[in-house]
Amino acid sequence: MAIIVTEAVSLNGYATMYSRRRDVEPVVDRDPVEHPQHDRDEIEEVFEGVPGGPIDGSILRSFHNHVAAKIWLGEDRAPLKLVNHGAKLQLWELDTERSRIYETVHQSGLAPLTSCSHRVASRPMLSAFCERWQPETTTFHLPFGEMTITLDDVASILHIPVTGSMISFSQPFRVDDANALLVKLLGTTDVEASRETEQCRSPSVRLLWLRDHFSAITDVSSDDDIEFATRAFLLHLVGCTLFADKSATSVAVVYLELFRDLNMVGSYAWGAACLAYLYRQLTTATRFEVRQLGGYLTLLQAWIYEHFPEMFSSLDLSYTESRPRALRWRPHVIPDSLQSVRERLDRLQSSDVCWEPYVDHRAEHPFPDIAWYSGCIKCGLVIEPYHLERVLRQFGYIQTIPPRPFTPLRPDRSILLDQYWERWTDHVLTDQSRGRRCQYSGSGESVAEYMAWYDRISHRIV
C-alpha cells in the first residue's frame, strides 16, 4: 500500500492540494471505476536511470516502468487493442417515434455524442501517442516539448458541457447497490437485475442488455416506461463514449445515479469527467504489461487530427463550424506500422504542430474560460492533475519552464476537490502566470532555456 503525504504547495500564486506517493504496487489491466487509485499508486519517489533519458529523475519518477523505457531497452509491444463503440451507437438511434426521449437527451447537453463518435480508430496512431503519455505530468512528451488534451479541446471537439458540478460517487459501489439502482431507476425486477450483474460479474450491465430491454420504447409508451428508457439510453450513451471501459461490452451501473433526476443531467461537467477518465486510461496503458486502451477514443483521435493535420488526418469537406470538431474529420486506419508512426513522431518539430486549431471555430463556439483552470479534475473516484501551465503554447503563449507537477488527493478526500472546483474562477492562471503571448499566432514559441531543461527531464525519442 502506498504511503500518502499530503501537502499544500503554491502553484502560480494559489494553494493546491496534492500528495506524493512512495512505494509501489504492480499494475494490472483493470477498469479505473472499480480500482480508481491503483494505477496512480505506482508513481514513486525512487528514480532509476534509463538510457535515452531522462537524466534528471525529479519529474518522471516512474519512467523505468514505462512502455517507452522497455522499448528503448529492446522489448516491444504490439499495437493496443482499442475499445471503440462508434458502431454500437447506431444500433440505438432516436427517431421521430422517440422524440420525448430525445428532448431530454438534448437538454442534458449530451446529444452531440449521438452523432460525433468515430466508427474507426487507428491502432498504430493511438498506440504511438499513448507511448508518449507521461502519468506524472498528464501530458504527451514529444521531441519539442509537452502537449495535452485540454478542456478547450473537449469543448471544441465534442460540444458537451465542461462547466458544472463535478461527477461524484459514494464509495464503495457494490453489486447489491447496482441491483437496487436498476430496480429503482430502470424498473427492472430484482431477478432481472441480479441475473444481469451476475453475468457481468461486476456492478455493471451489458450494452446489449440495455438495447434489448429499452430500445423498443416509443412516445406512445407509458410515462414511466419512457423515463426508464431515457435513463437507459443515457447510460448506454456514456458507456459507449465518455466512459468506455475495457470490458468492451458493458457499462458501470454507478453512472445511472447521475440520471436519477433527469432535469439535473445538464448540470454536470461531463467534459471534465470525460477528460479525467481518458487521462487515467492513458496512464494505465503506459505500462508495458497493459494491452488495451479505453476511454473516449474519438476525443483522443480528433485531438491528434486537429493538432497534427498534415501527418494523419483527412478532412470532411462538408463540415461546417456549427458542428462539433470531431465531425470535421474522416477517420481512417493509417497504413503505417506502429514502428513507422513512432519514427514519424520522433522527427516532429514544433513547426509541424497546429498549436491553435480552433480559431475559425470561435465564432460558433467561444473559448471556455474554464480552460484556464489549473488544478485537478475528476470522474467519480478517478482524480487526475490538469497541468495547464505545461502547455501554454496551445493557448498562444510562450512556453516557460513549468512548476513541478502535482498528483491529486486520494478519492476518500475528494470532497475537497468538489469545493475547489466550485470556485474554479479563483483557480485559473492569472495574466502574470500566463506570461507573454507568442509573437505570431500559432508559432509555438518557448523561452530560450526551456529545451535544455526539457532534455534533462524527458525521454524525447521512443
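This is a predicted model: local features need pLDDT of at least 70, side-chain atom pairs count only at pLDDT 80 or more; totals for chains, interfaces and linings use all residues.
Two strands count as paired if DSSP finds at least two bridges between them.

**Sheet layout**

**Strand pairs**

| Pair | Residues of the partner of β5 | Bridges | Sense | Residues between the strands |
|---|---|---|---|---|
| β4 and β5 | β4: residues 133-134 | 2 bridges | antiparallel | 4 residues |
| β5 and β6 | β6: residues 145-147 | 3 bridges | antiparallel | 2 residues |

**From β4 to β5**

Which residue of β5 does Q134 face? Q134 stands opposite T139. β4 and β5 form a hairpin with 4 residues between the strands. In this hairpin, T138 adopts a positive phi near 45°.

**Strand β5**

β5 covers residues 139-142. Its side chains split into two sets. T139 and H141 point one way. F140 and L142 point the other way. Are these four residues buried or exposed? T139, F140, H141 and L142 are all buried. Each therefore has under 20% relative accessible area.

**From β5 to β6**

β5 also makes a hairpin with β6, with 2 residues between them. Across this pair, F140 stands opposite M147 of β6. T139 of β5, in turn, has Q134 opposite it.

Terms used
Residues are numbered from 1 along each chain as its sequence is written. Side-chain values use heavy atoms; hydrogens and water are left out. Buried means under 20% relative accessible area, exposed over 50%, partly exposed in between (1.4 Å probe, protein chains only).
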